[in-house]
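Morning, everyone. Let me put the model up, and then we go through some rings and the ligand site.

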Amino acid sequence: MNDPNGMVYHNGTYHLFFQHNPDSTVWGPMHWGHATSQDLLHWEEQPIALFPDSLGTIFSGSAVVDKDNTAGFGNNALVAIFTHHNHTLAQNQAGLPQYQSLAYSTDEGKTWAKYEGNPVLPNPGIRDFRDPKVMWHEESEKWVMTLATKQSITFYGSPNLKEWTKLSEFGEGIGAHGGVWECPDLISFDDQGKKIWVLIVNLNPGAPNGGSGGQYFVGDFDGTTFRPFDTDTRWLDFGRDNYAGVTWSNTGNRRIFIGWMNNWEYANVVPTETWRGATTLPRELGIEKINGKWYLASQPVPELSAITSSLQKLPSVDGGESLSLKATAGNLPETYRLDLTYPADHTFEVTLKNDANEQITFGYAATERRFFIDRTLAGNHAFSEKFASKDSAPRIGDQPEIRVSLWVDVASIEVFADDGLTAMTEIFFPSRVYDDIVLQGQSGAMFTDVHLSRISPTTN
Ligand code: FRU
């Protein structure tokens, strides 16, 4: 898989579609794979939802519940809005291979029909013209499509999902432009009755630590134009491996995000066998104001508490001690969560280790106010010279103590610092599971509230 697509919540089921090539473990003719879940944790793979057709293969897009039957496919029909990518047109340098199309389902997503009037948004002359994210804009009572158009975002409006009118463009002179803009999302949050809008824009390459990444802007959206409050470029995640992430539609006030845990710099060559590519943990997004500016804060969804069980709590550990959790708690489980707090004016490191001398370190450098992940010694990196790296992230939080939680799986780490104001997600390929964690800080500065929990796997 690559991008998550068409995430929509409907009648108690979370639908997750995804960019999928059923015939290979590398990118190829794209389909929409499909998985469903009742709790965002246990997923069941469903038959492929969308297959390539005469208009092209099925690139990324979104899905909505059409409650009032604006499109005429039926009350509460699920409607997918996606990019058709025409490989024949793509072979011509001057070709315009991408346009937007619809498919719908009236049986809870089990079967899908393509709309016979496809494409609904023909290509206006922009080669990169893709990844529609559609939402219902209540105030202006219309559908709004946020579309990636080369290195900008174009907003379109529609009463019925079939006829689209251009509203405005965003992106000139603002944001990161090291690569093409892809997979955008426009979401709102409530701040005391006022809406704060966040525009997520994935781009590839051009992320702060190289390759693919997700930037975002905070501002106002009036149904036509997005106006950012400032010109800062903010990043959803500073790790190398959280790309193409967007949020579920139809989840009320919740903003639930999931990303693809990979990077186009090496996505097609990571050393896996029967499958390649996975999602991040589902994350709930919120906003927080720091020094007068709004930021996104990401946290793993609270549903995860149902599969989390406490293993060890250490109220206080001197940073100078170099504490091995294997020594105090025994071998670690394969999937776990570690929480800790440390004073922000001191440097610390959390190193995951195995007995093959492989390790990955997450840490904080107090003088630079930066977090980092060092995976240069994390195991196999021979498959790509871009893979071994030491990556860093600024601290955005401003509290005197740093709280971090690290969510570790056999081949990934997801770090949330300061309640998720800074997030870092990275994958790794050790020859053996990391079964020890070593905490190392500075003498006299205490790690507090150190808490190790087991996360029970939800698949075999
Ligand atoms: C992002 C992306 C999208 C495109 C899809 C194709 O990873 O390049 O822009 O729709 O992947 O698989």
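Start with Tyr 342: it counts as buried because its relative accessibility is 0%, where buried means under 20% relative accessible area with a 1.4 Å probe, protein chains only. Phe 447 is buried too, also at 0%.

A word on the source. This is a predicted model, where local features need pLDDT of at least 70, side-chain atom pairs count only at pLDDT 80 or more, and totals for chains, interfaces and linings use all residues. Residues are numbered from 1 along each chain as its sequence is written, and side-chain values use heavy atoms, with hydrogens and water left out.

Now the aromatic pairs. The structure holds 29; rings of Phe, Tyr and Trp (its six-membered ring) pair if their centres lie within 6.5 Å, with planes under 30 degrees apart stacked, over 60 edge-to-face and the rest tilted. Tyr 342 and Phe 447 have ring centres 4.4 Å apart and planes at 40°, so this pair is tilted. The two residues are 105 apart in the chain, Tyr 342 in strand β24 and Phe 447 in strand β33. Strands here are DSSP runs (E, at least two residues), numbered from the N terminus. Both belong to one aromatic cluster, together with Phe 348, Phe 362, Tyr 364 and Phe 371.

On to the ligand. Which side chains put a polar atom by a ligand oxygen atom? Gln 19 does, at 2.7 Å. Glu 182 does, at 2.9 Å. Trp 264 does, at 2.8 Å. The protein covers 95% of the 320 Å² of accessible area that the ligand has on its own, by the Shrake-Rupley method with a 1.4 Å probe.

Key
Helices (H or I, at least four residues) and strands (E, at least two) are DSSP runs, numbered from the N terminus. Buried means under 20% relative accessible area, exposed over 50%, partly exposed in between (1.4 Å probe, protein chains only). A polar contact is a pair of N or O atoms within 3.5 Å; within protein, one must be able to donate a hydrogen and the other to accept it, and residues adjacent in sequence count only if both atoms are side-chain atoms.
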